[in-house]
Amino acid sequence: MFKDLKIMHRLGIGFGALLLLMVTLGSVALRQMTQLSEFTGKMYHHPVQVSNIVQRMDSNIIRVHSAMKDVAMAKIPQEIEMALVVMNDLEVEIGHNFDTIEKIFLGEKELVKNARDAFEKWLPIRDEVVRLVIDGQAWRASEVTKGRGAAHMDAITQQMAILNELSQNEAEKFIGNTHHVRHKAFILMYWALGLAISGGLLFTWLFTRSVALPVREIVEVSNAIAKGDLRRQITYHSDDEMGQMAKSLRKMLSGVIGEGQSIKKGIPIVLWTADTNLVMTFINSTAETLAQNLTGLPASAHIGASKVGEVIMDRDDLSTEMAEKSLLYGTQEDRELFFQMNDELKCLRCVTTQLKNLSDNVVGVMGVGIDITERIRAQDKLMESESRLEEAQKIAHLGHWECHLDEQRITWSRELYRILGLRPIATPISRHMVRQMVSKDQFEAMSTVMREALDKGVCSFEQAITRPDGQKRWVVGRGVVARNDDGDPVTVFGTIQDITDQKEAEKKRHQLEIELRQSQKLQAIGTLAGGIAHDFNNILAAILGFSELLRDDSPKGSEATENLDEIIKAALRARDLVKQILNFSRQSDPDLKPVSLPEQVKEAVALLRATLPSSLSIDFSIDKESKLYVMADPTQLHQMVMNLGTNAAHAMKTQGQRLSIALTHTHLPACTLEKNSHLRQGDYQRLTFKDEGCGLSPEEQERIFEPFFTTKAPGEGTGMGLSVVHGIVKTMGGAIEVESQPGHGATFRIWLPTVNHKDAKYKRTDTQALPQGRERILLVDDETSLVTSGHKILEKLGYKVTRSESATEALNLFKIAEKPFDLVITDMTMPGLSGAEFAKKLLEIKEDLPIILLTGYSHDMDEAKARSMGIRRYLLKPLDRSQLAHTVREVLDPEPTTPLKAPS
């Protein structure tokens with residue numbers, strides 16, 4: 001019945017008539033209760049709400065600055081975008097909170113304005129950091145964040161701390177006033193009840209029940225709220241003043257709890273709280289998803305029942321340890337925890353800290369976690385990319401470097417350490433360390449590169465370096481200067497590449513090009529020699545033919561006959577020399593046969609005397625036992641002696657006048673046999689050339705037999721002389737040694753193995769000793785001298801010769817001849833119809849016609865090809881009379897074996 005009445009009605013019914021004093025005291029108590037209600041409303045509308053908003057703003061401001069740090073340190077665009085979204089949401093919320101505080105704050109409005117101004121001054125810094133990150137200047141963004149951003153953030157925090165302190169003071173003051181008013185109200189009521197106890201015990205009990213109990217409940221709930229227990233609820237409901245106050249408190253609680261839950265559940269991070277026993281008291285939606293994936297149970301099953309380690313089950317069981325340390329020691333634990341969620345491994349950066357109420361009493365622990373799985377994957381990809389980059393630099397022999405001018409430190413890549421031959425150092429390198437690590441020349445080169453880069457903004461270089469192990473390498477590099485907004489140089493960075501292999505390849509290619517050019521020269525010489533050989537052999541053929549004819553007409557034993565013998569001998573030697581030149585141009589094997597070395601050397605020395613200056617004297621000696629033969633080509637022997645003699649004469653251009661040549665029969669020394677493994681033991685002929693010239697250095701002795709190596713000035717030689725000698729000696733199965741000192745002449749020793757065989761000497765053959773005949777011969781050659789000499793030689797041998805200087809004319813003569821020809825002798829190279837074509841047409845007319853094909857030189861014809869065409873003999877000009885006579889009879893006379901015919 002009293003519950004539905006107003007308090008004034010209750011007081012009027014209880015004390016109106018009997019106790020006027022009770023009415024007076026009741027009025028005073030009512031006034032105190034009304035003041036308590038107003039204080040409570042103000043506590044909702046002002047101190048507590050302001051304090052809560054200020055604390056939330058302080059937390060959001062710290063999170064905004066942390067998000068700006070994330071933007072500055074972001075590695076991939078997704079991280080930047082996520083951090084910007086968080087920053088924008090938090091800044092909007094902070095702006096709304098400032099608007100709310102300006103409306104309800106009862107203190108000095110200037111404090112709120114100062115705090116808001118401090119926050120708005122921070123916003124341009126935020127924009128600058130974002131712009132720098134977008135422009136790719138993350139390092140500058142990080143410096144701005146750590147510098148001006150942190151300083152402005154400290155100023156904002158100080159302003160918010162002042163607001164928070166004033167708000168808490170106001171809240172404590174209002175709470176104190178509430179207690180004071182309540183105390184006064186109870187005193188007045190007790191006095192009133194004491195005075196009226198005799199007349200209104202029943203009304204006093206009803207008043208106490210209907211008024212004191214709701215007030216006590218409201219006070220208890222208020223104390224619980226002040227201690228941070230937001231779960232307490234007011235159960236009193238009424239339409240009177242107490243009911244209004246209870247309703248106001250319920251509204252306050254629902255607003256505070258609703259806003260807190262919304263904040264906790266709405267943020268995109270894992271958030272949970274636990275009490276002092278580490279029992280879970282709150283789990284937001286993100287943490288609820290994590291807990292359900294880990295335990296298979298909803299979050300409601302864990303609140304008040306499960307401990308931290310039973311819900312936040314990381315792979316390494318570190319969550320409980322972090323919570324215990326934060327709870328016991330008040331530390332903020334920060335670690336990266338890994339969670340196995342189905343088939344995916346998640347990584348969260350988790351932080352735990354103490355949870356305190358407004359009285360600064362520890363009521364539990366709070367944990368926060370941010371999913372950094374993508375960041376970890378990005379870091380792994382970055383490490384993999386850096387590893388591939390390092391491998392690519394290693395393959396390309398390319399290293400990079402960076403010099404920080406403000407800190408005077410240098411960083412090098414691993415490949416650059418390898419290029420310079422240095423051991424890698426984990427820490428950055430100072431200028432003093434570089435001076436100690438590299439040589440003086442390298443340090444001066446680095447300083448020059450640095451100065452050029454600072455002066456011009458860019459530099460490039462190519463130079464040779466010597467590594468600490470003494471190895472020489474070639475490097476090429478490039479440097480670029482990076483400047484700040486004011487144009488001042490900040491860093492110098494660039495690359496260095498090891499190009500030693502390229503240099504070696506270029507050097508080798510250059511050497512090959514030189515050798516190729518020399519080879520082409522030799523090929524051209526060979527081609528030229530082949531062209532000259534044809535005409536020269538024709539000349540020699542004429543000389544030989546007419547000389548032999550003239551000798552036949554000269555008296556035997558006369559001086560003219562002896563002179564003609566020497567002419568014939570020289571012509572034959574010239575013929576062999578031309579043959580050697582042709583063999584050289586064709587790269588064919590030499591014609592080795594047993595020859596008397598003393599006789600060949602005597603002839604070569606005699607020729608050498610005639611070619612050397614008269615100021616040079618030659619001492620020539622032959623051991624009496626040097627009568628054995630060697631396997632050699634006489635022409636090559638002459639060439640060897642001439643090259644060694646000419647080389648010695650060149651060495652004595654400035655000093656020395658004597659050349660000693662000695663031929664000795666001896667055994668091969670053991671030292672020579674050891675150096676030349678291809679030699680065999682036995683008797684050898686040793687040919688020694690000793691001069692008094694300028695001598696050779698050890699380096700020159702090592703290369704003296706290399707092709708194209710020469711100590712002569714340009715235009716004085718090609719460097720082929722000693723190389724040819726070396727090749728000739730090797731062909732003959734021998735060895736060559738050189739002994740020399742600079743300024744003391746040189747000694748060349750040639751060792752040639754002996755053979756037990758005698759060479760047939762050149763013998764004069766009389767006409768009567770040569771085979772003769774009566775057959776008809778057609779002689780064809782475009783050279784008049786050759787046709788004439790050949791015609792006379794064959795006629796003296798008894799043959800009937802028809803001559804012609806044209807293959808076409810000869811073909812007509814062959815066709816109209818009254819009596820058939822027994823033999824045709826034709827030249828190969830003729831104008832119009834060649835010798836080969838002429839022979840082919842003759843064989844078409846008479847298949848078994850004997851034909852002898854002569855040539856001075858031909859690219860297109862050889863003996864095998866000639867025989868395959870049906871030609872009986874293929875001979876090289878010039879021919880002496882004996883060779884021609886015997887060849888004619890061999891072709892005309894029947895043989896046991898039939899000559900090769902043209903293939904059918």
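Biologist: How many aromatic pairs does this predicted model hold?
Modeller: The model is predicted, and the count comes to two aromatic pairs.

Biologist: Why is the pair of Phe-98 and Phe-119 called tilted?
Modeller: The ring centres are 6.1 Å apart, and the planes make 40°. Pairing needs centres within 6.5 Å, so the rings qualify. Stacked means planes under 30 degrees apart, and edge-to-face means over 60.

Biologist: How do you know whether Phe-98 and Phe-119 are buried or exposed?
Modeller: The limit for buried is under 20% relative accessible area. Phe-98 has 1%, so Phe-98 is buried. Phe-119 has 5%, so Phe-119 is buried too.

Biologist: Why is the pair of Phe-814 and Phe-821 called stacked?
Modeller: The centres are 6.1 Å apart, with 20° between the planes. That angle is under 30 degrees, so the pair counts as stacked. Phe-814 and Phe-821 are both buried.

Biologist: Which residue lies over the face of Phe-821, and at what distance from the ring centre?
Modeller: Arg-776, at 5.1 Å from the ring centre. The distance limit is 6 Å, so this value passes.

Biologist: Why can residues three or four places apart point the same way?
Modeller: An α-helix has 3.6 residues a turn, so such residues point the same way.

Biologist: How many salt bridges does the structure hold?
Modeller: There are 22 salt bridges.

Biologist: What makes Glu-321 and Arg-335 a salt bridge?
Modeller: Their closest N and O atoms are 3.3 Å apart. The limit is 4 Å, so the pair qualifies. Glu-321 is in helix H11 (residues 319-329) and Arg-335 in strand E3 (residues 333-341), 14 residues apart.

Biologist: Why are Glu-321 and Arg-335 called partly exposed?
Modeller: Partly exposed lies between the buried limit of 20% and the exposed limit of 50%. Glu-321 has 30% relative accessibility, so it is partly exposed. Arg-335 has 25%, so Arg-335 is partly exposed as well.

Biologist: How do you know which class Asp-360 and Lys-356 belong to?
Modeller: These two side chains meet in a salt bridge at 3.5 Å, N to O. Asp-360 has 51% relative accessible area, which is over 50%, so Asp-360 is exposed. Lys-356 has 42%, so Lys-356 is partly exposed.

Biologist: What makes the salt bridge of Arg-473 and Asp-498 a tie between separate parts of the sequence?
Modeller: The closest N and O atoms are 3.0 Å apart. Arg-473 is in strand E10 (residues 472-483) and Asp-498 in strand E11 (residues 489-498), so the pair ties together parts 25 residues apart. Both residues are buried.

Biologist: Which residues are linked in a network of salt bridges?
Modeller: Glu-344, Lys-346, Asp-371, Glu-374 and Arg-377.

Biologist: What makes the phi of Leu-278 worth a look?
Modeller: Most residues other than glycine have a negative phi. Leu-278 is not a glycine, yet its phi is positive, near 65°. Leu-278 sits in the loop between strands E1 (270-274) and E2 (280-283). Its relative accessible area is 8%, so Leu-278 is buried.

Biologist: And Asp-317: buried or exposed?
Modeller: Asp-317 has 61% relative accessibility, so it counts as exposed. Asp-317 also has a positive phi, about 55°. Its place is the loop between helix H10 (308-311) and H11.

Conventions: Residues numbered from 1 in each chain as written. Predicted model: local features only at pLDDT ≥ 70, side-chain atom pairs only at ≥ 80, totals over all residues. Heavy atoms only, no water. Phe/Tyr/Trp six-rings, centres within 6.5 Å; stacked < 30°, edge-to-face > 60°. Buried < 20%, exposed > 50% of the residue type's maximum accessible area, 1.4 Å probe, protein only. Lys NZ or Arg CZ within 6 Å of the ring centre and 35° of its normal. Helix = DSSP H or I, 4+ residues; strand = E, 2+ residues; numbered from the N terminus.
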